[in-house]
Amino acid sequence: MAGVRTEVMQGVFHCNNATAQGFLAALEAMKSGREPGRFSSLGKNLGLEALARRVFDRPRPLFPSPFSCGQLVAEELLSPQALEEEGKAMRHCLGEENWASVLLDEERFFSLRDGADQRVATLRLEWVSGAWKVAELRGPGNARVTEEVAAFAEELARAAGTGALRPAV
């Protein structure tokens, strides 16, 4: 990374290589759990999410609007708060600690909802061999999902494609 440059309001923000590398190292440490005490509060206290959006323009949504097919809609979870809320609502282990993998474009999470906007499942896509693949699909309390929901998740992964929709690294 020769330096990161992104437009900020009317000016240009420059981030030197050492700053960018340090930022990514902090994210890797958060994700791996190597230094949870040191980095666990960064997202809340120092605005890690805001910094990532401003400096790296990430994470970018895979779809310009919620993905839908029939009565099912997938809402992409692109913030630590959205991940935490989904985990609590669905009674499973998804939480804000998963956000680093979203930011690093390794995983994406979606809240799958029915026509009444009720949560029916949480989908985790993983970037594998140049394409987004369904890695995990769980209903409330980690329950199995219906065949209709499973087919919807596979269709979403196919629509996400092989890089055209993957954010630039």
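I started at Asp 117, which I found in the loop between S5 and S6. This is a predicted model, so confidence was on my list too.

**Positive phi values**

Asp 117 has a phi near 65°, a positive value in a residue other than glycine. I looked up its accessibility as well: Asp 117 is partly exposed, with a relative accessible area of 49%.

Next I went to the loop between S6 and S7, where Ser 129 is found. Ser 129 is not a glycine either, yet its phi is positive, about 50°. Is Ser 129 buried or exposed? At 77% relative accessibility, Ser 129 counts as exposed.

I also noted Arg 91, which follows H5 and has a positive phi, near 55°.

**Arg 124**

I then moved into strand S6, the place of Arg 124. Arg 124 counts as buried because its relative accessible area is 18%, under the 20% cut-off. What does its side chain pair with? I found a polar contact with the side chain of Glu 107, at 2.6 Å. Leaving out residues up to four places away in sequence, Arg 124 touches Glu 107, Arg 108 and Phe 109, and also Lys 133, Val 134, Ala 135 and Glu 136.

**Cores**

My next stop was the largest nonpolar core, which has 18 residues. Those with the most contacts inside it are Phe 110, Leu 112, Leu 123, Leu 125 and Leu 156. I checked where the core residues come from: strands S4 (72-76), S5 (107-113), S6 (119-128) and S7 (131-138) and helix H7 (147-160) each supply at least two. H7 gives the most, with six residues.

I picked out Phe 110 and listed its contacts beyond four places in sequence; among them are Leu 62, Phe 63, Ala 74, Leu 77, Ala 121, Leu 123, Leu 125 and Leu 156. A second, separate core has eight residues, including Leu 83, Leu 94, Leu 103 and Phe 109.

**Helix H5**

Which residues of H5 (residues 80-90) are buried? I got Pro 80, Leu 83, Glu 86, Gly 87 and Met 90. They cover an arc of only 130° around the axis, so they lie on the same side of H5.

**Confidence**

Last, I looked at pLDDT. The protein's mean is 76, and 61% of its residues reach 70 or more. Residues 41-46 are below 50, and this stretch has six contacts in the model beyond near neighbours in sequence. Residues 163-169 are also below 50, with 19 such contacts. Where pLDDT is low, the predicted coordinates should not be read in detail.

Note on methods: Residues numbered from 1 in each chain as written. Predicted model: local features only at pLDDT ≥ 70, side-chain atom pairs only at ≥ 80, totals over all residues. Heavy atoms only, no water. Core = buried A, V, L, I, M, F, W, Y, C linked by side-chain atoms within 4.5 Å. Buried < 20%, exposed > 50% of the residue type's maximum accessible area, 1.4 Å probe, protein only. Helix = DSSP H or I, 4+ residues; strand = E, 2+ residues; numbered from the N terminus. Contact = heavy atoms within 4.5 Å. Arc of directions from axis to C-beta. pLDDT = per-residue confidence, 0-100. Polar contact = N/O pair within 3.5 Å; in protein donor to acceptor, adjacent residues only side chain to side chain.
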